[in-house]
Amino acid sequence: MTPGAPPPSLPAHPDPRLDAVLRGGLPHRLAHAFGGPFHLLLPDRFDANAAAFHTALADSGVEGRVHYAKKANKAAVWIERCAINGTGVDVASLGELREALGHGVRGEDIVVTGPAKADDLLRTAVLHGCLLTVDALDELDRVTALAAATRPARLLLRRRPPAARYSRFGLDDTELAFALRTCAAAAGTVRTEGFSFHLTGYATRPRADLAGELVDLCLTARTMGLPADRIGIGGGFAVDYAAAADWERFLARQGPDDYHAGKSFPAAAFYPYHSPVAGADALREILATRPGGRGAPLADRLRAAGITLLTEPGRALLDRAGCTVFRVQGVKDRSGYAILTVDGTSLSLSEQWFGSEYLPDPVLLPAGDRPVGGRPAGDRPAGRPVRACVGGATCLETDLLTWRKVAFPARPEPGDLLVYPNTAGYQMDSNESPFHDLPLPPKVVVDTADGRVRWRLDRRPAR
Ligand SMILES: Cc1ncc(COP(=O)(O)O)c(C=O)c1O
């Protein structure tokens with residue numbers, strides 16, 4: 001940090017509706033009931049995000065399907081919403097498939113991705129008429145054998161992106177040619193519906209380019225008698241967490257002095273917390289792009305070839321659909337900053353487990369008029385701003401939710417709550433475990449649909 005400059009901060013985009021819920025006292029009431037930490041889930045946001053993807057497809061006149069990539073969050077409520085609002089689901093394990101089927105998503109609306117899929121996953125998927133993305137030639141052999149013994153299988157051949165030479169996923173050119181011959185020979189047993197890919201990163205241009213190649217592959221496959229009428233472009237639709245100016249300022253200002261123990265994170269390791277084009281707008285941009293920079297936009301090419309576009313957004317469908325609340329358990333001082341200890345672990349904020357840090361600023365919710373440390377917190381003197389990092393309630397030196405010395409408007413105290421915004425996409429539960437015999441944080445579904453704020457647990461007690 002430059003001497004004299006304000007500490008680097010990265011406020012999440014304002015969210016007045018969520019703020020009203022947070023400031024209305026619900027988090028403190030839930031903390032009283034459950035202790036902490038806990039996650040809040042906002043299903044109406046998920047519905048709106050899914051609707052935006054469907055609208056982008058409809059506006060372009062392209063036949064398409066949206067499949068929620070279930071790996072992004074384990075809550076039941078998203079799958080319930082998918083079953084109700086006609087969004088498909090992308091699953092990558094038998095557990096995820098069971099969840100989707102068990103909440104009423106039909107097999108025909110489920111895409112099964114992931115490498116070297118287990119036999120029991122393949123069998124259940126084939127029996128339910130799910131669409132399988134085949135990742136390898138030996139997997140194709142297993143699918144054809146299974147389909148011959150049970151019922152015809154629906155499949156896409158997953159393309160290894162030519163630019164991703166070292167990707168472990170998908171089929172290269174030679175394997176793809178071989179797979180097509182196998183599929184043609186097994187045409188009565190497997191229905192080859194097309195091709196798919198998933199790219200790392202969030203750029204739209206490479207997605208449009210590769211989608212254009214898959215359209216050509218469909219046309220080739222049709223000459224071999226295969227139906228080839230759909231392509232899947234995976235996920236990777238960016239989420240825009242923060243304003244451009246805040247993000248640029250943050251990157252320019254932050255340095256090792258801003259983190260506990262002088263830790264530094266390479267800027268390239270951070271998620272791109274600002275994206276000028278994000279979510280459903282990224283899909284619009286992909287559809288409007290000319291693959292390879294030539295000819296008609298992708299949308300026109302899909303329409304002309306009668307090809308359905310399949311998408312698998314995970315993070316983007318969960319944008320602003322949840323946040324995570326921790327309770328401050330202890331506060332101690334180090335030279336020039338404080339260390340907060342909260343009543344959970346960094347396992348509930350997954351970015352640390354990828355060697356990075358979740359950067360949108362946590363928001364402090366003081367304990368209000370509840371007694372804190374023997375005196376009413378409502379009477380707490382306004383105090384001075386304080387910088388503090390945030391550690392978990394474990395015995396691990398490296399269990400920090402936030403290494404950064406976040407600037408808080410006042411000194412946090414035990415009983416205050418810290419709200420990490422926009423955590424539903426991959427942050428809240430990808431890595432959670434009952435480490436130290438700590439309970440898994442409950443998930444609380446918040447319903448504000450009719451103007452009233454009501455809540456329930458994500459998973460109701462079994463009946
Ligand atoms: C095959 C596949 N589809 C979809 C996704 C979801 O990606 P995102 O959450 O970035 O949209 C992933 C993520 O790893 C994936 O591997």
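In which loop is R320 found? R320 sits in the loop between β9 (308–311) and β10 (322–334), and we will come back to this residue below.

## About the model

This is a predicted model, where local features need pLDDT of at least 70 and side-chain atom pairs count only at pLDDT 80 or more, while totals for chains, interfaces and linings use all residues. Residues are numbered from 1 along each chain as its sequence is written, and side-chain values use heavy atoms, with hydrogens and water left out.

## Two domains

The chain is divided into domain 1 (16–42 + 321–457) and domain 2 (43–240 + 275–318); the bounds come from an automatic or database domain assignment. Taken over C-alpha atoms, the centres of the two domains are 36 Å apart. Their contact (heavy atoms within 4.5 Å) takes 19 residues from domain 1 and 15 residues from domain 2.

## Where the domains meet

Domain 1 and domain 2 bury about 1500 Å² between them, with 48% of it on carbon and sulfur atoms. Buried area here is the accessible area (1.4 Å probe) that two parts lose on being put together, summed over both. Eight residue pairs, both residues at pLDDT 80 or more, are in polar contact across this interface. A polar contact is a pair of N or O atoms within 3.5 Å; within protein, one must be able to donate a hydrogen and the other to accept it, and residues adjacent in sequence count only if both atoms are side-chain atoms.

On the side of domain 1 that touches domain 2, α1 (16–23) and β18 (443–447) each supply at least two residues. Helices (H or I, at least four residues) and strands (E, at least two) are DSSP runs, numbered from the N terminus. β18 gives the most to this side, with three residues.

## Salt bridges

A salt bridge is a side-chain nitrogen of Lys or Arg within 4 Å of a carboxyl oxygen of Asp or Glu. By this rule the count comes to 30, and two are found across the interface of domain 1 and domain 2.

Let's look at one pair: R456 forms a salt bridge with E80, their closest N and O atoms being 3.1 Å apart. R456 lies in strand β19 (residues 454–457) and E80 in helix α4 (residues 76–85), so the pair ties together parts that are 376 residues apart in sequence.

## Around the ligand

A nitrogen atom of the ligand is 2.6 Å from an N or O atom in the side chain of E312. A polar side-chain atom of D90 lies 3.4 Å from a nitrogen atom of the ligand, and a polar backbone atom of R315 is 2.9 Å from an oxygen atom of the ligand.

## Two backbone details

Most residues other than glycine have a negative phi, and most peptide bonds are trans. Back to R320: its phi is near 60°, a positive value in a residue other than glycine.

A cis peptide bond joins G36 and P37, with omega about -10°. P37 has its place in the loop between α2 (26–34) and β1 (38–41).
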